[in-house]
Amino acid sequence: MSTEKLKEIILKVLPDVDTVIGWQEGFDKIHITPFFMKSPEDAEKAVWNSLCVQNLAAYLPSLKKKTAVIVKGCDSRTIVQYMQEGLIDRSNVVIIGIPCTGVVSVKKVLKAVDYQPIEDVKFSDEKIIIKTSKGEKTLAIADVCPDKCKTCQYPTPIVYDHLAGDPIESTKPAESVYEDIKEFEKKSLEERRDYFKNEFDKCIRCYACRNACPMCVCQDSCIAETRDPHWITQKLSSEEKMMFHMIHAVHLAGRCVECGECERVCPMDIPVAKLKKKINSEMKELFDYVPGVNPEDKPPMYTFNVEEAKIKEHKL
Amino acid sequence: MRVGVFICHCGSNIAGTVDVARVAAEARKIPGVAFATNYMYTCSEPGQDEIKAAIKRENLDRIVVAACSPRMHENTFRKTIQKAGLNKYFLEMANIREHIAWIGNDKELNTEKAIDAVSMAIAKVMQNKPLHATSFKINKRVLVIGGGVAGMQAALDCADGGLDVVLVEKSPAVGGIMARLDKTFPTIDCSICILGPKMVDVGQHEKIKLFAYSEIEEIKGYIGNYQIKIRKKATYVDWEKCTGCGLCMEKCPSKNSYDYFNFGVAPTKAINIPFPQAIPKKAKIDPNYCRQFLKGKCGVCAKICPTGAINYEMKDEIVTEEVGAIVVATGYGLLDQNILTEYGGTRYPDVISGIQYERLLNASGPTSGHIERPSDHTEPKTIVFVSCAGSRDKSIGVPYCSGFCCMYIAKQAILTKDHIPDSQSYVFYMDIRSPGKGYDEFTRRAQEEYGAQYIRGRVSKIYPKGKKMIVRGADTLLGTQVEIEADLVVLATAAIAAEGAAEMAEKLHISYDTFGFYVESHPKLRPVETNTSGVFLAGACQGPKDIPSSVGQGSAAAAKVLSLFSRDMLESDPAIAQVNTNACVGCLKCLKTCPFQAIVEDTLRSGKKVAKVIETVCAGCGVCTSTCPCGAIQLQHFTDNQLLSEVSAICQM
Amino acid sequence: MSDVGTKELRIVGFLCNWCSYGGADTAGVGRFKQPTDLRIIRVPCSGRVDPLFVVRALLTGADGVLVSGCHPRDCHYSEGNYYARRRLEMLRRLLQFMGIDEKRFHYTWVSASEGQKWQQVVTDFTKQVHELGPLHDKKEKAD
């Protein structure tokens, strides 16, 4: 853990910025919340551990003053994508990177302790020890990490101004990233259709996935809620739920940085990111493009080649 | 909302296979529809009066006309409802003729389909908003691309009409193909004698700014306001100083340059004036053959030039011109003889193309008008003409007729007899196509007065035997094989699109067909216009044409430009993108995808960053609308809600 | 030619005004007979076709969707169809993933002069959709 080094960096950058966005302890030991630090005293309360899951980069486009933000490797892709799309002014952002070997999915932990109130949380080399009224439970972080960590290609942030720790190389094979998508595609067409119908039928249209998504730039103008244009009705039907998720997926085509926030915040445990991950696998295949990796790239849906090497005309 | 629906019978065109009365009856049931009727010919004057009367009588505020394609009559009906006091964008058309009545025989299915088409139009029209055109000024200058006979005619007519003309010609002199012809059919006029004065006029007209040896680099803008970048290619001769005296050409030691003007019939000098009557009569260096460029030393022309015009360091120059309309007269090209392997490609020197033969006939040509075999410079006695050398041949991608070959072959056969009285011409033909005024009589003269032997059939093979060329073919009228021992064979190679035609079309945003010829706005009724307003076609760039047709179209294009410029202001199409600044989040993805750079970043007084459409630049494609994630930029008349209402009208579970 | 054997299915076509809509007109003028299932929506450019229109149509009752624009290099707006090509290819693959047979969605290029090609496209696509049958379990109309 490099919490001390992190605090050192925070204190160093604080005078140059309006705010440093980091993490602090929440209402209990397992819930870590975002923390907007303004003073050296704040910095003392900053936290860094495997429960620092939330993608703090998502705040950047809405902030006008110069801001420092603490990012993990996965979160840094958000910043790179913002740069590609011109959504932030890089000179107005100080990036504090943290090399990360994997975080913990709170949902998975809570499930493992049968949703008992958490009394304490401790870490001990690659393990998390949860104390509840029913006793202590030790879980390997690898067993309760979000799915994205299992195939993480960017343990070290792609862009940063300060790095709290030494860079780490990815140990996960690059081919593993879309293995789950390939696996899913082995199902028959009907199985896939039923799967998504069942999953999206659970949707209560709370829009938490959208609100958490760092790339959903529309915010209050989201077409899921407007009358002009009127893409979608408030009718509680499978079609409208599916339509909402298709809007989200299509709008993120070639832009989803796979931070996993949409799934993390979904109260209904819908695999919201699956469609987006599928599109990403196709972006890689069609345009050799991975979102949020190279600030010089152009998102593939906003450009074209006169001759497309990988798109063949379809015959009937 | 009170929608009026008018279902047209179009005589029996629609009513024959669609139950129009039922369509009207079903339309009446749709909420919002106040009136629906069917009428024999809605586009006729009484038909239009019926609409106007109904608007007044029934107090209608939206109109649907179910008739032919909106590409045909949308404007007609827009004017109709405008006359009745409605905004002209309160009209939608349902295409129940081309898309329904004419493509299916089942009246029941057609009627159902027509009801759906009308429902979609009703759904859309109820979402329509009134749109208002704004006016903008026209730059009354015209660009003519191509200085062949069609382009020159267009340029001269425009200039005589008082317009400033910019004429861009890619070769060093105007005149095009016609300047290379010896005589013209069917009058046997000397081609350059009738064209020469026109060329001089073009060169001297105070209203015409001629850019010879120049090409179009870039075209930006829209009708009334184009910005054109023209590349003046380096000639290595300062044309301000060059007097066209020709001394350089005389003394130039590089004698084996390819002669583009003469289609390579004989070589020319590396520095040359293409032909004696050239306009402008200026020399230019071909760096591919010039010793100064190839070996780094020579400099003969620089030494001899009395005005010191030679400049080996000259570079291409880009100049910008602003115009309000464009006439495209880029002409045509000729099929590469190499493709015709059964005729030896270009392996046999005594098998030449029609245009090369034209140069041999020409008094100012490389042989001074003496017909010679290219191989041994002897006079040929037996000459075989092969028509359709490539034309009407699907296998090489030229299924069409080149149009003028039958006529020029007849002319060349006649001229051959005049030049060499003891010669015998043979013409292999598929069909004789001579539909012009005096044309058929002319082909008969070639046969009856000049003794040309016409053989109906195709040539299968040409091969050499000693000094002769053996032409083997079929005579389909006699049902026999024929073999002719020829001294010279002339191939009427197919007319194809000009080199670079597709790239030019892309610069102009106009359509071209499979063969590279430009597509007119309507094959019958708008033969000069293109689908891009402000761009007009003249001559063979639109399809193979003979001289009178090219000249006619050149004048027609000029007339179009003159009538366009007779107004001072143009109305812009209000069906363009519009930003809802409340909804716009300023992500500016629309700015990245706009093909016309019509979207810029704007800051509201609140400091909010939003997208802004430059109205005069927006062409109305709607790429921005389908790019915008929050639906804040909407292409008017094709908004998300309008298209969604059409989808909803037909997709109901 | 118009008889495809079974009951009509619902096919929605988005056609660009300048090429494909004109191509469909040309087919009509040439009396090239076609199956009657297709319902045409005119758009200025294939680049105007938001992939979500296709999704909306397929989710709310269409059994097949066809998008047709100008050939690459021949777009009236010079670039619209290039964007369409990328977006629609993405969509095609996404539909297949979520269990909607990619054969229900076709995008192609037909110019205003290609009446015969248009006939072929409509005929073949309609046949292809009929081979798959209806996408939705449609309720019979209540009336």
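Predicted model: local features only at pLDDT ≥ 70, side-chain atom pairs only at ≥ 80, totals over all residues.
Residues are numbered from 1 along each chain as its sequence is written, and chains are lettered from A and ligands numbered from 1 in the order in which they are written.

Student: Which helix of chain A gives the most to the side that touches chain C?

Tutor: The contact takes 28 residues from chain A and 28 residues from chain C, where contact means C-beta atoms, placed from the backbone, within 7 Å. Helices (H or I, at least four residues) and strands (E, at least two) are DSSP runs, numbered from the N terminus. Helix 8 (189–201), helix 10 (238–251) and helix 12 (274–287) of chain A each supply at least two residues of this side. The one that gives the most, with 7 residues, is helix 10 of chain A.

Student: Which strands are the edge strands of the open sheet in chain B?

Tutor: This sheet has 4 strands in the order 2-1-3-4, with parallel pairing; two strands pair if DSSP finds at least two bridges between them. Strand 1 (residues 3–8) of chain B pairs with strand 2 of chain B over 6 bridges. Pairing on one side only marks the edge strands, strand 2 (33–39) and strand 4 (91–95) of chain B.

Student: Which residue of strand 2 of chain B stands opposite C8(B)?

Tutor: Strand 1 and strand 2 of chain B run in the parallel sense. The residue of strand 2 opposite C8(B) is Y39(B).

Methods:
Contact = placed C-beta atoms within 7 Å.
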